[in-house]
Every structure is written in structure tokens, then in C-alpha cells.
Amino acid sequence: MFENYSQLIFHPVTRKVGSMSLPTKSVAGLLILFASTLTLPAAAQDTQSTTIGGYGEIHYTNATGPDSPGEVNVARFVVYLAHSFSDRLAMRSELEVEDTKVEGGEPGGEIGLEQLYLDYRFSPAVTLRGGLLLPPIGIINETHEPPTFNGVNRPAYDHDVIPTTWRDIGVGVLGTIPGNSGLNYRVYLVNGLKASGFSADEGIRGGRQEGKEASFANPSLTGRLEWVRPGLTLGGSFWYGGSAAQDPALGTGAFDNAVTLLSADARYETGPFAFRGEVATIGIADADQIDAAYGNGVAHRITGGYLEASANLLAGLAPNSSQKLLAFARHERFNTQGDLPGGATGDPVLSRRITTVGLTYLPTFNVAIKGDYTFNRNRSDTAQPDVFALGLGYAF
């Protein structure tokens with residue numbers, strides 16, 4: 001399985017400047033070649049390279065109940081572009097199109113940068129990073145290419161508790177702790193959240209600024225410590241920062257309306273079996289002020305998590321095959337109104353219990369064909385439709 005997508009080595013389209021391949025009869029090509037050899041030092045001529053890649057997914061979904069026909073959608077199309085300026089300095093980026101297109105006057109659809117940053121590597125222990133970053137929180141936010149997770153859709157927990165894909169502008173440092181410890185870390189200082197976008201059903205999701213004219217009134221600190229051993233990955237992540245965005249109704253201090261997020265996750269593989277799980281808790285210090293200002297039902301506490309198990313059915317039928325057929329089951333529990341200001345009772349519909357079962361077929365490691373059925377339940381008497389889904393996904 002992939003690790004952080006931005007660190008993947010793809011089949012590259014490489015341009016070695018000192019030996020550029022050009023048509024022999026092209027005078028313009030010869031001039032470009034000559035100019036490139038004059039303007040770049042010898043070391044750079046040998047090390048610059050460009051890498052392209054991407055991922056995408058197409059979904060079919062059909063909710064139960066009357067008047068609910070199936071729906072098909074190109075959920076995501078993402079192009080990855082990276083360039084190594086030297087052995088130490090590199091740029092990485094992702095441009096994403098959601099729901100096929102964006103058209104004026106119609107809901108849905110998005111074209112946006114998911115990542116755009118520069119890395120400067122001093123050593124394996126220290127790399128400086130700056131730009132549009134993914135906060136290193138949980139499993140899915142950094143590693144969300146379709147072949148890397150089971151189910152047509154990402155866990156609902158990774159929409160309403162951890163607001164993936166979460167990106168913000170900032171700077172930080174990352175690396176591997178020296179020795180044979182198996183420990184690596186990432187720590188970033190980024191622009192903060194905006195409390196005006198928080199909501200009862202999606203928690204802090206609407207407070208993301210996503211790199212567009214983002215206010216830095218509430219700088220926030222986020223990070224992750226990860227321990228990796230063969231077959232086992234354990235991680236812990238955090239976020240801390242204000243969310244007032246200098247709204248006089250909320251405060252003008254850097255840490256007013258502070259949001260504190262803590263999460264822990266684990267992945268374990270043994271033979272044909274794989275297991276993963278994650279939990280998180282989010283505290284919003286001044287939810288009562290936010291509710292008074294915006295009336296959006298924000299809770300002091302948002303909590304949740306999920307457990308998932310899978311088995312490769314081809315391990316016994318075709319033990320020498322590189323293909324996989326994964327049968328999986330995932331159970332999620334989360335509540336976005338766990339602790340309301342003033343002791344008010346939260347909406348039981350928002351205390352969700354979601355179970356998904358299905359199959360993921362991997363003809364190669366980076367292509368996935370998926371099918372699943374999701375049982376949506378909550379603590380209220382309000383019935384929620386179950387969903388049957390099919391999906392195609394790839395990454396390269």
C-alpha cells in the first residue's frame with residue numbers, strides 16, 4: 001500500500017537538462033540546449049527531474065427507499081506534478097477536479113489545489129517544508145488515493161470528524177528520527193480555522209480556509225509522531241489553535257476560541273489479514289460564544305472513531321498471485337454534538353453508527369474495483385437510507 005502520496009516515486013517523465021533530447025534538425029532545440037548548459041551549474045544539470053502522476057475515482061451509488069434512483073459521478077480527478085531542482089530541493093503539487101466540472105449557478109463541483117509546497121532536505125532527520133500543506137492528522141488525510149483504502153467512499157468519520165482533505169498554508173519540519181527507532185515526525189505552523197464555518201452536523205469542516213486568501217490571525221500548530229515496523233504502523237496527531245479570526249463577537253486574541261484535536265491510529269497486517277482503526281476527540285473552548293454569534297449548534301466536544309478488518313480471499317485460492325480480493329467490514333461511531341453549551345441535549349440524529357461491508361479487487365497494486373453496502377444508523381428514531389455503491393479507482 002502507498003504511504004504519503006506526495007512522497008511516492010512514480011514512473012517519471014524526467015528532464016535531465018544537461019542531456020536534453022531534442023530533434024536533431026531543430027535549430028530552436030539546439031539553441032535551448034546550448035542556453036541550458038550555460039545557465040545551470042554542472043551539478044544541477046545532472047539532478048533536475050520532473051515527475052507526473054495522479055489518481056481518480058468514479059462512483060455509482062444507490063440509496064434505499066422510494067424515488068432514489070442510482071447516481072453515477074466522476075468523484076475525483078487529480079494530477080500530481082513534482083520537480084526536483086537538486087538532490088535537496090523539490091516542489092510537489094496536486095490539482096484536483098471534483099464532480100467532473102464546475103458550472104456557474106449549479107451546486108457541487110470544485111477545482112482546487114490540494115497541495116503545493118517546497119521541500120528542502122538537510123538530512124533524513126530534517127526536511128524543511130513550506131506552502132499549501134496537508135495537516136498530518138489521522139490516516140486518510142495524508143493517504144487517500146483510492147487503492148489505499150477499502151470502500152467506495154472514504155469513512156464518514158473522515159468527513160465529519162477529521163475534515164479530509166484538510167489543507168492549509170504554513171511551514172514546518174519533518175524527518176526520520178536517527179537510529180533504528182522506526183520513528184518519524186511532522187510538525188507544521190499553519191493558518192488557523194474560522195469558527196464562523198463550524199456546524200452541528202459537520203463539526204469543524206466548514207472552518208477550513210484551504211489556502212484561499214487565508215487569514216493568519218490565529219496561527220495553529222499541528223503535528224504527528226509515527227512508529228513504523230514491518231506490518232505495523234502506530235500514529236498520534238494533534239492540532240491546536242484559535243478560530244476567532246478577529247471577529248469582535250468572539251475575540252481578537254491569537255488563541256481565542258481555541259480548537260484542540262487529538263487523534264490516534266493503528267494499522268496492522270499479518271498474512272492475508274489487515275486491520276486498522278482510529279479515534280479522535282475535538283474540543284472547542286468557547287462553543288457557547290460561537291453559537292451565540294452564529295446560531296450553528298456547535299458543540300464543546302466532537303468525538304468518534306472506527307475499526308476495520310479485511311482479508312485477502314485470493315491468498316488461499318491463488319497464493320502466488322500479486323492480485324488481491326479483499327473482503328472487509330468497517331464500523332464507525334461518531335457524534336458531532338457530544339457536549340453542547342449550557343448542558344443542552346444534542347440531536348440524536350448526529351450520534352451516528354455506520355457499518356460498511358464490501359469487496360475491493362486489486363488487479364494491480366494501484367488499481368481498485370470496489371463494491372460495498374453501508375448501513376446508516378443513529379440514536380434517533382429517524383431512519384436513514386442505506387447505500388449500495390460501486391467504484392473504480394486508480395493511482396500512478
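Reply: Let us begin with a charge over a ring: the term applies if NZ of Lys or CZ of Arg is within 6 Å of the ring centre and within 35 degrees of the ring normal. The model shown is predicted. In it, K370 lies over the face of F149, at 3.9 Å from the ring centre.

Me: Which strand does β1 join through 13 bridges, and in which sense do the two run?

Reply: Two strands are said to pair if at least two bridges are found between them. Strand β1, residues 49-63, is joined by 13 bridges to strand β2, residues 71-84, and the two run antiparallel.

Me: With which strand does β2 form a hairpin, and how many residues lie between the two?

Reply: The hairpin is formed by β2 and β3, with four residues between them. Strand β3 covers residues 89-98, and its antiparallel pairing with β2 runs over nine bridges. As an example of facing positions, R76 stands opposite E98 in β3.

Me: How many bridges pair β1 with β16, and in which sense?

Reply: There are nine bridges between β1 and β16, again in the antiparallel sense. Within this pairing, I58 stands opposite L392 in β16.

Me: How many aromatic pairs does the structure hold?

Reply: Aromatic rings pair if their centres lie within 6.5 Å, and the angle between planes then sets the class: under 30 degrees is stacked, over 60 is edge-to-face. The structure holds seven aromatic pairs. One of them is formed by Y60 and F388, which are edge-to-face, with 6.5 Å centre to centre and 70° between the planes. This pair links distant parts of the chain, since Y60 is in strand β1 and F388 is in strand β16 (residues 387-395), 328 residues apart.

Me: Are Y60 and F388 buried, partly exposed or exposed?

Reply: The class follows from relative accessible area: buried is under 20%, exposed is over 50%, and partly exposed lies in between. Y60 has a relative accessibility of 26% and therefore counts as partly exposed. F388 has a relative accessible area of 34%, so F388 is partly exposed.

Me: What geometry does the pair of Y240 and F255 have?

Reply: Y240 and F255 are stacked, with 5.6 Å centre to centre and 25° between the planes. Y240 belongs to strand β9 (residues 232-241), while F255 is in the loop between β9 and β10 (259-270), 15 residues apart. Y240 is partly exposed because its relative accessible area is 37%; F255, with 45%, is partly exposed.

Me: How is empty space in a model found, and what volume does the largest pocket have?

Reply: Rolling a probe the size of a water molecule over the atoms shows where empty space is left. In this model, the largest pocket has a volume of about 1,200 Å³. It is lined by 40 residues, of which N153, R154, P155, A156 and H159 are the closest to its centre. The elements that give two or more residues to this lining are β1, β2, β3, α3, β13, β14, β15 and β16.

Me: Which element gives the most to the lining of the largest pocket, and how many residues of the lining are nonpolar, polar and charged?

Reply: The element that gives the most is β15, with five residues. By class, the lining of the largest pocket has nine nonpolar, 13 polar and 18 charged residues.

Me: Which backbone angles deserve a comment?

Reply: Most residues other than glycine have a negative phi, and most peptide bonds are trans. A cis peptide bond joins T164 and T165, where omega is about -10°. T165 is in the loop between α3 and β6 (168-176).

Me: Where does D67 lie, and what is its phi?

Reply: D67 is found in the loop between β1 and β2. Although D67 is not a glycine, its phi is positive, at about 55°. With 80% relative accessibility, D67 counts as exposed. Another residue other than glycine with a positive phi is E213, for which the value is near 45°. E213 is placed in the loop between β7 (183-190) and β8 (220-229). The relative accessible area of E213 is 76%, so E213 is exposed.

Conventions. Residues numbered from 1 in each chain as written. Predicted model: local features only at pLDDT ≥ 70, side-chain atom pairs only at ≥ 80, totals over all residues. Heavy atoms only, no water. Phe/Tyr/Trp six-rings, centres within 6.5 Å; stacked < 30°, edge-to-face > 60°. Buried < 20%, exposed > 50% of the residue type's maximum accessible area, 1.4 Å probe, protein only. 1 Å grid on protein atoms, 1.4 Å probe; cavity = no way out; pocket = protein on both sides within 12 Å on 5 of 7 lines; lining within 4 Å. Points joined across faces, edges and corners; volume = space filled by probe spheres on them. Nonpolar A, V, L, I, M, F, W, Y, C, P; charged D, E, K, R; others polar.
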